[in-house]
Amino acid sequence: MTKKRFSFMESNGLKQSLLIMLSYVLLMPLANAQSKSNRAFEQLGTELPTPNTYRTGSGSPGRDYFQQKADYKIKVELDDENQRIIGEEEVVYYNYSPDALKYIWVQLDMNMFKDNSINALSKTGGIDEKMTSRQINGLQAANSVFGDVDNSKERGYDIKYVKDASGKPMAHTINGTMMRIDLPKALKTNESVTFNIAWSYNAASYYGRSGFEYFEEDGNYNYFIAHWFPRMCVYDDVNGWQNKQFVGSGEFALVFGNYEVDITVPSDHIVVASGECQNWDKVLTKTQLKRIEQAKKATDPVVIVTQEEAIENSKTKSTKKQTWKFKADNVRDFAFASSRRFIWDAMQTDVYGNGRKIWSMSVYPKEGNPLWGQYSTKVVEHTLKTYGKYTFEYPYPVAISCHSTAGGGMEYPMISFNGGRPEPDGTYSENVKRGMIGVIIHEVGHNFFPMIVNSDERQWTWMDEGLNSFCQYLSEQEWSRDFKSRRGEPQNIVSYMRSDPSMMQPIMTNSEQIIQFGNNAYGKPATALNILRETVMGRELFDYAFKEYANRWAFKHPQPADFFRTMEDASGVDLDWFWRGWFYTTLPVDQDLVEVQWYALDTQNPELAKAEEKAEFEKSKNTMAVIRNKTDIPQTVEEADPKYRDFYSSYDPFEVTPQDEKKYQAYLQTLEPSERELMQSGMNYYALTIKNKGGLVMPVIVKLEYEDGTEEVMRFPAEIWRKNDVQITKTIPTTKRVKKFVLDPYLEIADIDTSNNAFPREPEKPSRFQLYKSSRSKAMNPMQEAQSNAASTQGGE
């Protein structure tokens with residue numbers, strides 16, 4: 001950077017001089033930038049639904065807000081011999097809407113796996129030269145976002161009957177994953193209708209949300225049963241009936257209600273489920289009941305069914321049956337897990353220090369140990385505690401983590417199915433451990449979003465997955481200071497943000513149309529919220545507003561606008577520009593520090609001015625030609641013969657003369673005291689020209705590295721772009737000289753190209769490549785390596 005000087009205008013003093021300076025430093029660079037009237041800071045306005053008496057402009061439920069209710073009494077049998085679910089239910093549906101309903105809609109999610117479903121028929125894909133039989137069979141088979149479903153058995157519901165409370169058949173029509181039940185008379189406001197459904201279906205191998213895992217060594221199954229019964233659709237002020245077909249990606253929109261569920265299983269099975277078991281005294285042994293009592297007073301998990309007992313239990317299969325009875329109040333769904341292979345541990349603790357105890361539990365096969373026995377239940381408790389800090393206290397009596405398969409996870413009220421499995425020798429990699437802890441936090445955390453803050457997953461996946469992934473990040477950081485969170489940190493979303501635009505959609509995209517599902521619905525919204533908290537709003541304002549949203553919409557059905565409006569209403573921060581950029585576009589962040597111009601006040605002090613001029617002159621003389629001439633030209637003509645010397649041969653143009661001093665003193669007499677103070681401040685002015693190459697406006701964060709070795713970070717709000725979102729010039733005054741400027745020094749804004757963030761530019765890091773050598777053997781994880789090394793050492797001794 002070369003310093004440029006500017007002077008006071010003597011005629012009008014300091015104000016005039018600063019005006020001229022600002023005009024030169026700030027406005028002139030903009031003459032070369034294209035002036036742009038942008039929409040980045042316009043209010044969302046009509047892009048959000050008009051507030052009404054159901055949902056207010058503040059983001060809170062309105063005075064006429066309503067929601068329906070559905071109570072269930074279910075009897076279900078798990079046929080372990082045929083892996084079949086057989087059930088019947090009584091449903092009481094309450095209409096609290098202002099509308100009379102001629103019919104009601106019920107969800108039949110398992111019909112998604114029928115060969116004639118929208119899911120199966122809309123499946124796309126080509127032929128590879130080498131394909132497995134399962135891949136070939138799966139070309140037209142139904143699948144989920146998690147993978148293909150085994151089609152060796154008939155899939156979908158077999159509806160036995162639909163009857164009213166008196167036993168009379170009710171007219172009904174099945175349309176894919178939806179069933180319309182026609183009512184004999186319209187259901188008016190504040191009325192209820194009771195009906196009964198009997199059904200059955202064949203369970204499938206676990207596909208990510210529900211199903212079973214088969215263990216060949218003992219011929220047993222672990223069952224994880226979800227969206228297994230006909231469930232009521234949501235009827236609300238936004239959609240009327242939310243009867244959009246279940247195609248696979250967009251999960252569930254569900255109604256709150258109370259459940260009484262009787263689950264009949266083989267007598268040697270252990271069952272856990274949404275809600276509290278009402279008959280442990282009938283289904284558990286005396287030893288197990290004694291351990292339950294110990295767990296009620298424990299601060300660490302107590303093993304209710306040990307690994308040795310589970311292994312012994314798996315050696316035979318009981319032909320007897322027994323029924324486990326569960327009760328769950330004010331939940332939107334119900335799921336359960338059952339197996340004779342389950343190890344079970346639990347503890348009932350005062351999570352929030354208010355005297356109310358909550359069960360934290362885990363069930364898992366021996367294949368999950370040692371990881372699951374050591375961590376799962378403690379992670380459950382930790383999740384309730386940390387999520388409660390940022391939202392509300394967990395209201396339910398129990399939270400359960402079930403080890404379903406090696407990877408993935410799925411959530412339901414009070415129960416979740418989670419992956420994370422060690423190697424057969426009991427060792428595990430750091431990634432497996434971290435993934436297991438992370439997925440338990442994530443799936444248990446779903447109790448808050450959407451099990452309680454009950455958003456419409458069928459339409460907006462991000463409203464639960466994105467918010468939950470953000471809270472997961474917060475919880476992970478409180479579990480371990482060095483926890484390598486997969487999502488949340490801005491730098492982790494950069495690769496997605498710089499990807500092919502044709503492979504991206506805005507966050508505000510319906511769940512079924514999303515291409516990069518994890519990045520769009522999980523990673524990007526979680527990152528956006530972290531940026532809001534750390535960089536845009538600050539923790540205090542964000543945490544208050546986020547907690548307000550969670551409490552406003554607990555046990556209700558929020559929409560995106562309710563979240564956007566609440567965050568602004570409770571914080572006093574205009575965030576429309578943020579929602580527009582992060583949620584309604586696919587624009588990336590790329591701030592380019594194009595140029596820095598260095599200015600200083602011309603003090604007109606001849607001693608300072610001429611000293612600087614001399615230094616610059618001496619520097620300019622140090623050319624290669626001059627250096628070489630010192631040896632190649634031993635003596636010049638003037639040096640050889642003094643008669644060619646004159647006044648200018650010894651004249652020093654950089655010497656301060658009496659005339660220079662007199663002129664300077666006269667100038668000082670014209671200055672006001674405030675002007676003299678400014679003149680003597682030694683202030684440097686750096687004009688930074690910054691381009692918004694990515695298009696997404698964000699705060700500008702600049703680190704100044706001074707020549708004296710110190711540093712300073714300056715933060716400027718996103719509104720710095722409000723007059724021009726293409727290029728700005730920002731002048732920074734400082735008494736110190738700056739040797740380098742760096743944008744986004746702490747990687748806060750997900751800038752996709754940090755190579756243009758520094759001035760002067762920094763050299764790029766080299767791209768590295770490895771010498772490839774094929775290997776057929778599987779690499780050991782670090783734990784296996786350590787054990788191998790220890791064994792080698794002992795062998796050597």
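In this predicted model, Glu47 is partly exposed, with a relative accessible area of 35%. Its salt-bridge partner is Arg39, with the closest N and O atoms 3.7 Å apart, and Arg39 is likewise partly exposed at 47%.

This pair is one of 47 salt bridges found across the whole structure. Another joins the side chains of Glu77 and Lys321, at 2.5 Å from N to O. Glu77 belongs to strand S2 (residues 69-79) and Lys321 to strand S20 (residues 321-331), so this bridge ties together parts that lie 244 residues apart in sequence. Glu77 is partly exposed at 24% relative accessibility, whereas Lys321 is exposed at 56%.

A buried example is also worth a look. Arg458 and Asp109 form a salt bridge whose closest N and O atoms are 3.8 Å apart. Arg458 sits in the loop between helices H8 (430-445) and H9 (462-479), and Asp109 in the loop between strand S4 (101-107) and helix H2 (118-121), so the bridge links parts 349 residues apart in sequence. Arg458 has a relative accessible area of 2% and is buried; Asp109, at 0%, is buried too. Elsewhere, shared partners connect Glu217, Asp218, Arg341, Lys366 and Glu367 into one salt-bridge network.

Contacts of Trp228 include Ile74, Tyr157, Trp199 and Phe334.

Helix H5 (residues 286-295) buries Gln288, Arg291, Ile292 and Ala295. These residues lie on the same side of H5 because they cover an arc of only 105 degrees around the axis. Lys286 and Lys290, on the other side, are exposed.

Definitions and conventions:
Residues are numbered from 1 along each chain as its sequence is written. This is a predicted model: local features need pLDDT of at least 70, side-chain atom pairs count only at pLDDT 80 or more; totals for chains, interfaces and linings use all residues. Side-chain values use heavy atoms; hydrogens and water are left out. Buried means under 20% relative accessible area, exposed over 50%, partly exposed in between (1.4 Å probe, protein chains only). Helices (H or I, at least four residues) and strands (E, at least two) are DSSP runs, numbered from the N terminus. The arc is that of the directions from the helix axis to the C-beta atoms. Contact means heavy atoms within 4.5 Å. A salt bridge is a side-chain nitrogen of Lys or Arg within 4 Å of a carboxyl oxygen of Asp or Glu. Lists of a residue's contacts leave out its neighbours within four places in sequence.
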